[in-house]
Amino acid sequence: MARNTGGHSKKIAEASMAEAHFGFAEEEVKETLKRPVKLYKDDWKIIEEDNFKELVDTLTKENNEESNLNHNFEHRLGQASSSSVNFANKKAKILHSSPPAQGKGKSPEFTQAAARGTRSNFVKDKDMEDRAHEGVSNSSRFDIASSVDAEVKVSLICNSSGNSYFRQRSLDAVLKAVEDECRRTYGIHNPDFSLVKLMEKVCQFFLEMENGSSSETGSKICDKSKQSEGKDAVRDDTLEPNKVLQHPQSLEPQMMEAVLQKNYPIYLKDISRGEDNIPIPLVNESSTLELPDFIYIKNNMVYQDGHVDFSLARISEDNCCAQCLGDCLSPDLPCACAAETGGEFVYTQKGLLKEEFLDEAISVSLDPQRKHFYYCEICPLQNEPQQRHGKIKLCKGHLTRKFIKECWSKCGCSKKCGNRIVQRGIQVALQVYAAPEGKGWGVRSVNALKKGTFICEYVGEIVTNQELYERNNERAAKKERHTYPVLLDADWGSERILEDEEALCLDATEFGNIGRFINHRCYDSNLIEIPVEVETPDHHYYRLAFFTTRDTEPMEELTWDYGIQFDDKYHPIKAFKCKCGSMGCRDKKRQH
Ligand SMILES: C[S@@+](CC[C@H](N)C(=O)[O-])C[C@H]1O[C@@H](n2cnc3c(N)ncnc32)[C@H](O)[C@@H]1O
């Protein structure tokens with residue numbers, strides 16, 4: 001056996017350098033080297049074989065396996081990214097290149113192993129596993145722990161036993177291979193995607209959740225790019241509104257795990273971030289849709305110029321039931337609040353919309369007569385002059401609709417009064433999901449529903465038509481696919497000519513509720529939108545509520561008829577190729 005002629009200490013230094021690459025400290029290497037040096041009688045060729053494989057194995061086995069590899073991973077993580085992460089006000093950071101655990105056993109400051117699972121929690125795809133990890137055994141493990149100083153330690157423990165071909169690769173190469181694989185498999189296009197950032201996120205959420213920020217932390221996600229534009233930016237983490245992200249790498253761990261598991265289950269537990277009465281999960285069974293980018297709000301909010309008067313003084317004696325007690329639906333004689341609907345309340349004792357009222361609303365919507373329309377001489381929607389050669393060209397018309405009127409703050413009845421349905425908010429279990437036929441996201445109800453059930457409101461920013469016109473132009477330039485505005489023109493005919501700030505719409509593009517996800521269906525949709533007067537008798541502003549037009553099945557998609565004529569350039573919702581599938585589809589181009 002040829003003896004290595006190099007100096008003993010030089011060889012030890014070389015071995016230390018080689019092992020430092022894997023995260024082992026010099027002292028540790030020196031100590032471990034003593035035995036093979038003695039065993040092989042200073043024959044360094046054997047020790048150096050396979051890039052010190054035996055030494056790595058011995059080091060790994062001799063030290064507490066978990067502790068050493070935890071350190072190992074941190075060290076490599078540090079090589080791939082030298083940045084440390086500051087978690088909001090927690091003075092916490094991810095450890096990079098920290099000194100190795102002294103002695104054997106678990107590092108004392110990391111005793112709180114709080115999450116543990118098999119590596120298959122992350123990757124189930126066997127092919128991907130084989131390609132990305134080239135033979136890494138299937139009994140690998142993923143550990144995460146935190147210290148009292150709010151430091152988080154993540155370790156990947158890969159058991160290579162049983163695979164004689166296993167060779168330790170450089171971490172950078174492994175990370176790159178996995179990132180490339182993830183990009184391909186999960187369609188990640190963002191160039192910033194990195195596994196190191198993902199691990200940093202895991203640590204961040206681990207800490208935040210341990211610190212009791214609750215499950216809401218996960219959905220407290222914000223689109224930093226938009227915030228940096230300054231518009232409506234809220235910097236304080238605790239106040240940050242729900243902002244659902246576009247890019248999977250920015251997702252909460254629960255979602256990322258779903259992405260990695262490749263079966264795309266629930267992405268978000270509650271897109272309303274607790275704003276609405278019951279959680280509204282977002283479920284993606286198709287995997288191709290981008291996550292929606294908007295802020296969830298429960299109630300309409302004035303953007304800027306819209307004139308909405310909510311003053312108590314505007315609600316007259318005849319417009320409320322100050323003398324009522326309890327439930328207005330109980331007494332034999334309906335109170336003042338029923339006057340708006342012909343002296344009868346529109347709700348049944350079971351909280352459904354009365355069939356008579358509903359059927360009339362449906363019939364007006366399906367087969368509107370000329371008498372149901374109001375035609376403006378100066379239409380707030382039209383930016384072209386309507387007067388030519390002394391002749392006035394009337395606008396295309398606005399469908400006049402019947403209103404629901406609910407009891408409100410000036411009424412003496414209880415908050416549980418049967419004439420307060422819409423204002424109590426969502427009561428049925430809904431989901432946002434990947435709608436069929438490539439319509440984008442849609443809404444479905446988990447359970448069967450009775451005809452006349454209140455589903456939700458259409459909530460958005462209250463904007464003037466002028467504001468909407470400018471927004472629409474900007475969006476058209478950006479070629480945005482989906483649009484989310486709704487006109488509040490159900491009673492334009494009853495008021496004098498509207499001032500610009502009174503011709504209002506709801507724009508749910510950037511701020512909205514689940515209503516923004518409901519897709520259109522021509523003619524036979526299972527929802528109808530009904531104007532609701534709640535806090536103001538001025539009908540140029542009202543709430544818009546969806547009710548079922550018939551009984552529905554569990555998991556049936558909920559749709560409403562946007563009232564769109566597909567050749568109408570003034571309709572606030574930009575015309576799209578209708579994929580509603582209805583026999584009565586009005587999109588002629590689509591049908592042929
Ligand atoms: C109010 S949004 C509905 C939610 C939308 N699908 C999404 O993914 O956010 C309206 C947009 O959805 C799409 N959409 C709605 N109904 C549709 C239909 N019947 N056929 C095709 N696209 C539809 C159109 O792009 C439309 O501009």
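The following legends describe close-up views of a predicted model.

**View A. Surroundings of the ligand.** The shell around the ligand comprises 18 residues, the closest being Gly440, Trp441, Asn519, His520 and Lys579. Two or more residues of this shell come from each of strand E14 (441-445) and strand E19 (519-520). By class, the shell holds 8 nonpolar, 6 polar and 4 charged residues.

**View B. Strand E13 and its pairing partners.** Strand E13 (residues 430-434) is largely enclosed by the rest of the structure, because 4 of its 5 residues are buried. Strand E5 (residues 282-283) pairs with E13 in the parallel sense through 2 bridges, and Val283 stands opposite Tyr433 of E13. E13 and E14 run antiparallel and are joined by 5 bridges.

**View C. The hairpin of E13 and E14.** In this hairpin, 6 residues lie between the strands, and Glu437 adopts a positive phi near 65 degrees. Within the paired strands, Leu430 has Ser445 in E14 as its bridge partner.

View D. Gly515 is located in the loop between strand E18 (504-512) and E19. Since 24 other C-beta atoms lie within 10 Å, and 20 or more are required, Gly515 is classed as buried. Apart from neighbours within four places in sequence, Gly515 is in contact with Cys456, Glu457, Tyr458, Val459, Ala508 and Phe546. Val432 is 83 residues from Gly515 in sequence, while the C-alpha to C-alpha separation of Gly515 and Val432 is 9.9 Å.

Note on methods:
Residues are numbered from 1 along each chain as its sequence is written. This is a predicted model: local features need pLDDT of at least 70, side-chain atom pairs count only at pLDDT 80 or more; totals for chains, interfaces and linings use all residues. A residue is near a molecule or strand if its C-beta atom, placed from the backbone, lies within 6 Å of it. Ala, Val, Leu, Ile, Met, Phe, Trp, Tyr, Cys and Pro count as nonpolar, Asp, Glu, Lys and Arg as charged, and the others, Gly among them, as polar. A residue is buried if 20 or more other C-beta atoms lie within 10 Å of its own, exposed if 12 or fewer, and partly exposed in between; C-beta atoms are placed from the backbone. Two strands pair if DSSP finds at least two bridges between them. Two residues are in contact if their C-beta atoms, placed from the backbone, lie within 7 Å.
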